[in-house]
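Okay, everyone, thanks for coming. Let me put the structure up and walk you through it.

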Amino acid sequence: MRVFVVWEKVLESDWGAPAASVLARIEDTRATQFWDPGRVVSKSLGETDFKSKVWDWVAVYPSGTGWNETAPVAVYSGRPVEDVAKPLEQALAAVR
Amino acid sequence: MRGSLPCSKATAEQRGPVVILGMVRQRLKESTPIASSLAAIASIIAATTCCLPIGILWLAAATAGAGAVLDRYRLWLVGLSVALIAFGFWQARRARSCTPRRRRLNVALLLLSTFFVGASLLLPAYWTIGSHKVPSGQRDLRTLASAELLRAEWNAARGPKVLVLLSPT
């Protein structure tokens, strides 16, 4: 399994890329972390205006899911992240 | 009208709920934007339970907390917080009818409010300024100028994938 963590500039207080103390919250070596100041990932997932920003969001994709011109379709997605631990675990168990 | 502003008639014991609500507000503020707005409501309740300077104090703190929900208006809310604290100090200075003890308490609470509002202003710096080193075993943090870099890594990865989008603050 691989985890792609994208830190985005969403709030006015997001002055810059996350500091080491923030990055340390994701310590698993299966994770890869990115800084996305222009929210290119959010836009590729459908962001069109302020209200449609995609953030504090997690999605699960089965093995072999590619990402080409359009973003892949998730088998599970939910937000806010801190509230969806249980369905996320269930979705992960289903795709493993 | 100098010296004619009302002073709190509440005793220290009666201020108990205000202090407790303030503590609840701080706890909530650390969790979620929704919690932050609940904390703001708690602060407003606190403001109604005591005299005006204390109300100003909590209102100032509440506007800083509400910034998480009303991020679009963050700069205005931050400005309002600072202005309310300044007004609180000005009012505390004018309230000559208060006992010295009561005035000291007002100033102490205003200083406490200044601390919390200041912390809420400076925390983004703590979360974003400085080293961007990732935990050991991970690839260095990279900036996405386009989705291409993520796509390349994504398509090269095997097994199930999880995508997480977060704000640093």
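Chain B has six helices and two strands; helices here are DSSP runs of H or I with at least four residues, strands are runs of E with at least two, and both are numbered from the N terminus. Along the sequence, chain B reads α-α-α-α-α-β-α-β.

Quick housekeeping: this is a predicted model, where local features need pLDDT of at least 70, side-chain atom pairs count only at pLDDT 80 or more, and totals for chains, interfaces and linings use all residues. Residues are numbered from 1 along each chain as its sequence is written, while chains are lettered from A and ligands numbered from 1 in the order in which they are written.

Now, how much of chain B is buried? Of its 169 residues, 36% count as buried, meaning 20 or more other C-beta atoms, placed from the backbone, lie within 10 Å of the residue's own.

On to where the chains meet. The contact takes 54 residues from chain A and 43 from chain B; two residues are in contact if their C-beta atoms, placed from the backbone, lie within 7 Å. On the chain A side, β1(A) gives the most, with seven residues. That side divides into 36 nonpolar, ten polar and eight charged residues. Nonpolar covers Ala, Val, Leu, Ile, Met, Phe, Trp, Tyr, Cys and Pro, charged is Asp, Glu, Lys and Arg, and the others, Gly among them, are polar.

So what does β1(A) pair with in chain B? It's strand β2, residues 161–166, in the parallel sense over six bridges; pairing takes at least two DSSP bridges between the strands. Look for A:W7: its bridge partner in β2(B) is B:L166.

Key. Buried ≥ 20, exposed ≤ 12 C-beta atoms within 10 Å, placed from the backbone.
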